[in-house]
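Dear colleague,

Please find below the structure that I am handing over to you.

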Amino acid sequence: MEWSIQEIARLTGATSRTLRHYDDVGLLAPSRTGPNGQRYYDQAGLVRLQRILLLRQFGLGLPAVAEVLDGEKDEVVALRRHLELLEREQDRIERQAESIRTTIRRIERGEPLMAEEALDGFDHTQYEKEVTQRWGRDAYEKGDRWWRSLTPEQKNEIKQQGLDVAQDFARAKQAGEPAHGETAQEIARRHVHWLSLSTEVSRGYVIGLGEMYVADPRFGSYYTPDGEDPTPYAEYVRDALTVYAENNL
């Protein structure tokens with residue numbers, strides 16, 4: 001059985017452009033291409049795409065996704081590992097939700113908060129072992145040291161910078177500013193600078209990140225006004241970042 005690129009795009013929410021980009025970078029080739037240039041994907045391609053989307057959901061860039069896929073040839077074993085991570089994430093989110101419910105109840109009743117209850121599920125080091133096994137101890141420790149080194153004021157400032165960039169992208173999109181135009185490109189420059197505070201940026205990294213915004217609605221919604229479809233906004237940010245990266249990185 002095969003699925004056309006349009007069917008895959010509809011089922012996943014990924015754009016045809018994203019799927020073609022995956023092919024261009026050697027991440028996901030179609031099983032065949034029809035006489036009219038139409039791309040088709042078989043079951044093996046479908047499973048590979050599922051793994052790609054899962055890894056992107058965990059925040060990996062395209063080079064890291066390729067590295068993981070190349071290192072895990074047994075698809076069933078890899079999918080079981082993905083499932084384990086998803087179940088752990090599901091448990092963490094439910095613990096956070098219950099923690100917030102408990103905090104609300106205690107505040108409404110005028111009861112003192114318990115730290116163990118209020119912070120249950122918020123331990124950012126819980127994936128330390130997984131990150132270390134996959135991408136090396138240095139990858140985990142570098143990011144962890146950087147964030148821990150910041151003062152509360154610095155952390156708030158960095159969060160605000162990211163929020164400002166997201167809101168400015170949304171305003172530019174609503175105003176009809178082209179993604180390659182001066183306004184959007186200045187926002188893209190700020191965005192890349194913001195990224196550079198915590199990691200080394202490259203052309204491939206920034207372009208891959210833009211694709212992730214489109215592929216994963218969680219990220220796309222960060223740039224989207226409440227109640228609106230995130231896809232056009234995510235695509236706008238991706239296009240602006242791609243132009244900036246290709247011209248400046």
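Predicted model: local features only at pLDDT ≥ 70, side-chain atom pairs only at ≥ 80, totals over all residues.

Three strands make up an open sheet, and their order across it is E1-E3-E2. The pairing in this sheet is antiparallel. Strand E1 (3-4) and strand E2 (32-33) are the edge strands, each of them pairing on one side only. Between E2 and strand E3 (residues 39-41), which run antiparallel, there are 2 bridges. For Thr 33, the bridge partner in E3 is Arg 39.

Helices H1 and H2

Two packed helices are described by the angle between their axes and the distance between the axes. For helix H1 (residues 5-12) and helix H2 (residues 16-24), the axes come within 9 Å and the crossing angle is roughly 115 degrees. H1 is therefore roughly perpendicular to H2. The crossing in which H1 passes H2 is right-handed. On the H1 side the contact is made by Ile 5, Ile 8 and Ala 9, and on the H2 side by Ser 16, Leu 19 and Arg 20. Sorted by class, the contact of H1 with H2 comprises 4 nonpolar, 1 polar and 1 charged residues.

Helices H11 and H13

The second pair consists of helix H11 (residues 203-215) and helix H13 (residues 230-248), whose axes come within 8 Å and cross at roughly 170 degrees. An angle over 145 degrees counts as roughly antiparallel, so H11 is described as roughly antiparallel to H13. H11 contributes Arg 203, Val 206, Ile 207, Gly 210, Glu 211, Tyr 213 and Val 214 to the contact. From H13, the contact residues are Ala 234, Glu 235, Val 237, Arg 238, Leu 241, Thr 242, Ala 245 and Glu 246. By class, the contact of H11 with H13 has 8 nonpolar, 2 polar and 5 charged residues.

Salt bridges

Side chains of opposite charge can pair when their charged atoms come close. How many salt bridges does the structure hold? There are 8 salt bridges in the structure. One of them joins the side chains of Arg 32 and Glu 2, with an N to O distance of 2.8 Å. Because Arg 32 lies in strand E2 and Glu 2 in the segment before E1, this pair ties together parts that are 30 residues apart in sequence.

With kind regards

Notes. Residues numbered from 1 in each chain as written. Heavy atoms only, no water. Pairing = 2+ DSSP bridges. Helix = DSSP H or I, 4+ residues; strand = E, 2+ residues; numbered from the N terminus. Axes fitted to C-alpha atoms, helices over the stretch in contact; angles between N-to-C directions. Parallel < 35°, antiparallel > 145°, perpendicular 65-115°, else oblique. Left-handed = near helix turned anticlockwise from the far one by under 90°. Contact = heavy atoms within 4.5 Å. Nonpolar A, V, L, I, M, F, W, Y, C, P; charged D, E, K, R; others polar. Salt bridge = Lys/Arg side-chain N within 4 Å of Asp/Glu carboxyl O.
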